[in-house]
Amino acid sequence: MRPARALIDLDALRHNYRLARERHGGRAFAVVKANAYGHGALACAQALAGEADGYAVAFLDEALALRADGIEAPILLLEGVFDVAELMEAADHKLWLAVHHPAQVEMIEKTPLSAPLRVWIKVNSGMNRAGFLPAAVRMVWKRLVVGGKVKDCGFMTHFARADEPDAEATAEQIRVFDAATRSLPGARSLANSGAILAWPDSHRDWARPGIMLYGADPLPGEDHGLLPVMTLASNVVAVRELAAGDPLGYGARFIAPRQTRVGLVAMGYADGYPRAAPDRVPVAVDGRIAPLIGRVSMDMLTVDLTDLPDAGIGSAVELWGKQISVNGIAQSAGTISYELLCNVKRVSFAWEGGKG
Ligand SMILES: *Cc1c(COP(=O)(O)O)cnc(C)c1O
């Protein structure tokens with residue numbers, strides 16, 4: 001069998017969830033959208049069952065998959081619903097809805113529902129992507145609550161720059177949110193991972209940790225005690241010697257500067273390893289660092305084993321995980337850990353530390 005695999009450490013996931021919840025205080029939605037950032041939504045949700053106060057996903061289908069798997073805790077749809085059929089189904093399954101747009105308010109007013117809704121009004125406090133302007137929030141709240149379709153209404157907002165501890169923007173967003181919701185009853189939810197770690201003023205009733213659950217610190221360069229959850233692993237499957245001056249791989253990006261022992265690794269950009277990774281990005285081979293050399297191809301990549309004479313066919317390779325930080329790879333490739341983790345596919349998955 002091709003050795004490319006993702007090992008998911010569910011004990012580490014639970015550790016990170018507890019850390020997020022304690023650091024924030026109150027309750028915490030475990031954000032498991034996008035297949036739990038590539039880690040397997042069902043396995044991750046089950047690993048947190050009985051512990052997570054609730055879950056958050058982007059849209060209805062992601063929530064229905066959790067319900068079908070027996071998850072009974074609250075599930076928040078971060079984008080709310082897209083049409084009336086979705087709204088009715090969400091009500092049937094007792095899903096919690098973000099409401100961020102006037103069309104969603106109208107849908108709720110006009111649709112007969114099987115049960116009263118629990119909604120979270122999303123306030124645009126400065127990100128300007130989704131949510132109601134501060135001046136509209138009170139009127140939206142009135143329409144939803146007075147109409148009788150909504151039994152419980154909370155307020156949420158999302159930060160554009162929570163991962164920048166020195167940016168004034170987040171403090172300003174908190175001020176705008178507080179002013180927009182002043183004296184309105186209901187729970188508050190502001191903090192994503194960056195805000196849980198860097199913005200204590202944003203800590204209210206419910207946190208929404210995502211990336212930190214998976215052990216990638218949103219504030220690179222800091223250590224908050226998170227444990228990496230995914231190890232992206234493979235093996236060396238072939239070895240060859242290059243003479244000085246020999247080109248390697250597509251575009252001959254790497255030219256051997258000396259006699260070079262090249263290890264071929266079964267992992268490529270079709271598996272989610274970034275093609276943009278430059279030469280010398282670290283790869284762990286049998287626990288030691290071997291630099292990536294040559295362009296990452298669809299199914300394979302190549303590493304320099306010249307200084308690791310004991311490494312060879314069958315050697316264990318870690319692309320990221322406990323030894324190699326996914327944040328470091330992301331930075332080298334000009335992206336963020338979120339994108340790398342979400343893009344892992346085609347490899348075989350194994351979950352460790354589940355509850356039976
Ligand atoms: C994805 C998402 C989160 C989680 O963000 P992280 O930065 O991964 O912690 C929280 N809130 C909303 C609205 C989101 O869309």
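This is a predicted model: local features need pLDDT of at least 70, side-chain atom pairs count only at pLDDT 80 or more; totals for chains, interfaces and linings use all residues.
Residues are numbered from 1 along each chain as its sequence is written, and side-chain values use heavy atoms, with hydrogens and water left out.

The ligand sits in the largest pocket, a molecule being placed in a pocket if more than half of its atoms lie within 2 Å of the grid points of that pocket. On a 1 Å grid over the protein atoms alone, a pocket is an open set of points with protein on both sides within 12 Å along at least five of seven lines, a cavity is a set where a 1.4 Å probe fits but cannot get out, and lining residues have an atom within 4 Å of a point. The space in the largest pocket comes to about 620 Å³, a volume being the space filled by probe spheres set on the points, which are joined across faces, edges and corners. Its lining comprises 28 residues, of which Lys-33, Tyr-37, Leu-78, Arg-129 and His-158 are the closest to the centre. By class, 14 of the lining residues are nonpolar, six polar and eight charged. Helix 2 (33-38) contributes to this lining, as do helix 9 (193-198) and helix 11 (337-342), each with at least two residues; the largest contribution, three residues, is that of helix 2.

Residues around the ligand (a heavy atom within 4 Å) include Lys-33, Tyr-37, Asn-192, Arg-208, Gly-210 and Tyr-338. This shell has five nonpolar, four polar and two charged residues. Polar contacts are pairs of N or O atoms within 3.5 Å. The side chain of Lys-33 places an N or O atom 2.7 Å from a ligand oxygen atom. For Arg-208, a polar side-chain atom is 2.9 Å from a nitrogen atom of the ligand, while Gly-210 has a backbone N or O atom 2.9 Å from a ligand oxygen atom. Of the 390 Å² of accessible area that the ligand has on its own, the protein covers 92% (Shrake-Rupley method, 1.4 Å probe).

One cavity of 30 Å³ or more is counted. The largest cavity has a volume of about 40 Å³, and its lining includes Lys-122, Met-127, His-158 and Gln-173.

Notes:
A polar contact is a pair of N or O atoms within 3.5 Å; within protein, one must be able to donate a hydrogen and the other to accept it, and residues adjacent in sequence count only if both atoms are side-chain atoms. Ala, Val, Leu, Ile, Met, Phe, Trp, Tyr, Cys and Pro count as nonpolar, Asp, Glu, Lys and Arg as charged, and the others, Gly among them, as polar. Helices (H or I, at least four residues) and strands (E, at least two) are DSSP runs, numbered from the N terminus.
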